[in-house]
Amino acid sequence: MIGMDRDTGRTIDGWPQLVSRITQVMTTPIGGREHRRRFGCRVPELLGRLNGDDVLILAQSRALTAFYEPMNDIGDFKPTRCVAQRTPTGLRLAFDGVWRRQLVNFEVAI
């Protein structure tokens, strides 16, 4: 699949394109797109409540749930682990999983 880099506008494919797609899903609230209402994730709803560990567990659960929504089109990555951490500017999700039969990991800042 070919995509466009969000920062530079250049064409990307392969691993960078997958990370870009997942980042887009994780940072888009459900209902945030006019023509694709089910696209996105429920993690952004938690950003105002990052004061307890229970919220981090909710963020992990909601992030993993987004991988199983067909509208998000990120089913080619199979997550095996998600860890949520607070940051000074919000939240960071670290993912481990399988993509094209390889074990990979990456992080998404929310």
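The dialogue below goes through the features of one predicted model.

Biologist: How many helices and strands does the protein have, and in what order do the elements run?
Modeller: Helices (H or I, at least four residues) and strands (E, at least two) are DSSP runs, numbered from the N terminus. Here there are two helices and five strands, and from the N terminus on they run β-β-α-α-β-β-β. The radius of gyration is 14 Å, close to the 13 Å that the globule rule gives for 110 residues, so the protein is as compact as a globular protein of that length. That radius is taken over C-alpha atoms, and the rule is 2.2 Å times the number of residues to the power 0.38. Along the principal axes, the C-alpha atoms fill a box of roughly 40 × 35 × 25 Å.

Biologist: What share of the residues is buried?
Modeller: Buried means under 20% relative accessible area, exposed over 50%, and partly exposed in between, with a 1.4 Å probe and protein chains only. In this protein, buried residues make up 42% of the 110.

Biologist: Which residues of the largest nonpolar core touch the most other members?
Modeller: A nonpolar core is a set of buried Ala, Val, Leu, Ile, Met, Phe, Trp, Tyr and Cys residues joined through side-chain atoms within 4.5 Å. The largest one has 28 residues, of which Ile22, Met26, Val43, Phe77, Leu91, Leu93 and Phe95 touch the most other members. At least two core residues come from each of helix 1 (14–27), helix 2 (53–66), strand 3 (77–87), strand 4 (90–99) and strand 5 (102–109).

Biologist: Which residues is isoleucine 22 in contact with, leaving aside neighbours within four places in sequence?
Modeller: Contact means heavy atoms within 4.5 Å. For isoleucine 22 the partners are Phe67, Ile74, Phe77, Phe106 and Val108. Across the protein, residues 24 or more positions apart account for 34% of the contacts with a separation of 6 or more.

Biologist: Is glutamine 17 buried or exposed?
Modeller: Glutamine 17 is found in helix 1 and counts as buried, because its relative accessibility is 7%. Not counting residues up to four places away in sequence, glutamine 17 touches Met1, Ile2, Gly3 and Ile12.

Biologist: Where does arginine 100 lie, and what is its phi?
Modeller: Arginine 100 is in the loop between strand 4 and strand 5. Its phi is near 50 degrees, a positive value in a residue other than glycine, and at 58% relative accessibility arginine 100 is exposed. Arginine 101 lies in the loop between strand 4 and strand 5, with a positive phi of about 65 degrees. The relative accessible area of arginine 101 is 83%, so arginine 101 is exposed.

Biologist: Where does glycine 75 lie?
Modeller: Glycine 75 lies in the loop between helix 2 and strand 3 and is partly exposed, at 35% relative accessible area. Its C-alpha atom is separated by 20 Å from that of proline 44, 31 residues apart along the chain.

How values were computed: Residues numbered from 1 in each chain as written. Predicted model: local features only at pLDDT ≥ 70, side-chain atom pairs only at ≥ 80, totals over all residues. Heavy atoms only, no water.
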